[in-house]
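Welcome! Have a look at the sequence and the 3D structure below, and then let us walk through some of the features together.

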Amino acid sequence: MDDLKFGTRNKRGDWAPNEPIELAPLFAFPLKLLALAKWLPHYFFPWNAIFAVSAVAYWAWVIPSTETMQDLGIGWIASLYAVNAICVFLFYGAFELHLYILKRQENRFKYNGKFPADQKSKAFWFESQNVDNILRTFLSGVIIWTAIEVLMLWAYANGSAPWLTFAENPWTLALVALVVPIIHEFHFFCIHRLIHTPFLYKWVHSVHHNSVNPSPWSSLSMHPIEHLLYFGTAFYHLILPSNPIIMLYQLHYAGFGAIPGHVGFDKVEVGEDKLVDSHAYAHYLHHKYFEVNYGDALIPLDRWFGTWHDGSPDGEARMQERYRKRKEKLAARKARNAIGEAAE
């Protein structure tokens, strides 16, 4: 597959798409029905459908009976952690094996031309991005994911969360399921802006940003506090008219859904002529520039707050202009402080 039909590669080997990132037409005003109709299949396939199906599969084959979940027993909790860990290992590992170990598509469609395994850094445990990312994923990420999952299931089993049945409330639950990605993006944008404040960035979020060149295992490589905030998206279902399966979908959207944004490739080659879009470019630019694209392209929150970078020269110019204005403000503030100190 010739990736230069879709983008360009610079002298460092970094690849970028030809076309700028397009915001979803979901919140465009006036509403563009034709654009919405063309975009709608991408809302469901392939990623959202995968996470929804995984939630149904969990409910059918993994989650214990309501009676069992009424008590916080070590047996079912440990089993749930084991299943989560195995599924993460298989799902994340499949991308790692295909793209980073076997390198079946070499660096085609890879944003950063270098591979993390080729570079050692003291920012990571054992100076290895992969080892660091894997340990943080299983020693913190999957544990906190499971803990929140257990608490939510226990709440449902004991009547502390609104549990609607599909038989009696099909349209309400269909609507809630439909907005799961929107809930996730709104929640992610809010907590992401929060942990980019100086104190929380230094002590919490910098752990995730050590992976400037993200790969699959970077997806859940976070500080435990960030894991708690990130998977806290499930708590919306304590007040929403929902169902345990939709709550599981919300968690899977966060847990398994972190992969597309960190896979490091714009497209994954499936066979000789089939490509699957990762839609990762917006979040890759966040890892590259730190202060743009706190959300993705589903809700135009970054555009509304002035932090959107669509990968185009205009987006780059807007970012540089924002940096310039901030430097001017900082310089003016320092000058005022210096004058004040001299006057004293």
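## Salt bridges

A network of salt bridges links Glu 106, Arg 108 and Glu 269. Keep in mind as you explore that this is a predicted model.

Let us start with Arg 9 and Asp 3, whose side chains meet in a salt bridge at 2.3 Å, N to O. Are these two residues buried or exposed? Asp 3 counts as buried because its relative accessibility is 4%, under the 20% cut-off. Arg 9 has a relative accessible area of 29%, so this residue is partly exposed.

## Two pairs within helices

In helix 5, which covers residues 129-157, Arg 136 and Asp 132 are 4 residues apart, so about one helical turn separates them. Their side chains meet in a salt bridge of 3.1 Å, N to O. Arg 136 is buried, at 14% relative accessibility, and Asp 132 is buried too, with a relative accessible area of 2%.

Helix 14, residues 313-343, holds another such pair: Glu 321 and Arg 324 are 3 residues apart, which means that they are separated by about one helical turn. The salt bridge between their side chains is 2.4 Å, N to O. Here Glu 321 is partly exposed, with 32% relative accessibility, and Arg 324 is also partly exposed, at 38%.

## The two faces of helix 2

Which residues of helix 2 are buried? They are Trp 47, Asn 48, Phe 51, Ser 54, Ala 55 and Tyr 58. Seen down the axis of helix 2, the buried residues fall within an arc of 125°, so they line one face of the helix. The face turned away from that buried side carries Val 53, Ala 60 and Trp 61, which are exposed.

## A nonpolar patch on the surface

On the surface you can find a nonpolar patch formed by Leu 40, Phe 44, Phe 45, Leu 175 and Leu 178. Together these residues have about 460 Å² of accessible area. Helix 1 (33-44) and helix 6 (170-178) are the elements that give two or more residues to this patch.

## Regions taken from the UniProt record

The unreviewed UniProt entry lists residues 44-61, 73-95, 138-157 and 169-191 under "transmembrane region". What does the model show for some of these spans? Over residues 73-95 the chain is 96% helix and 0% strand, and the end C-alpha atoms of residues 73-95 are 34 Å apart. Residues 138-157 are 100% helix and 0% strand, with 27 Å between their end C-alpha atoms.

The unreviewed UniProt entry also carries the annotation "domain: Fatty acid hydroxylase", covering residues 178-307. Over residues 178-307 the model is 52% helix and 6% strand. The end C-alpha atoms of residues 178-307 lie 27 Å apart.

Technical notes
Residues are numbered from 1 along each chain as its sequence is written. This is a predicted model: local features need pLDDT of at least 70, side-chain atom pairs count only at pLDDT 80 or more; totals for chains, interfaces and linings use all residues. Side-chain values use heavy atoms; hydrogens and water are left out. UniProt positions are given in the numbering used here, feature names are shortened, and annotations may be inferred rather than shown by experiment. Buried means under 20% relative accessible area, exposed over 50%, partly exposed in between (1.4 Å probe, protein chains only). The arc is that of the directions from the helix axis to the C-beta atoms. Patches are made of residues with over 30% relative accessible area and no salt bridge: like charges are joined within 9 Å, nonpolar side chains (Val, Leu, Ile, Met, Phe, Trp, Tyr) within 5 Å. Accessible areas come from the Shrake-Rupley method with a 1.4 Å probe; for residues, only the protein chains shown count as cover. A salt bridge is a side-chain nitrogen of Lys or Arg within 4 Å of a carboxyl oxygen of Asp or Glu.
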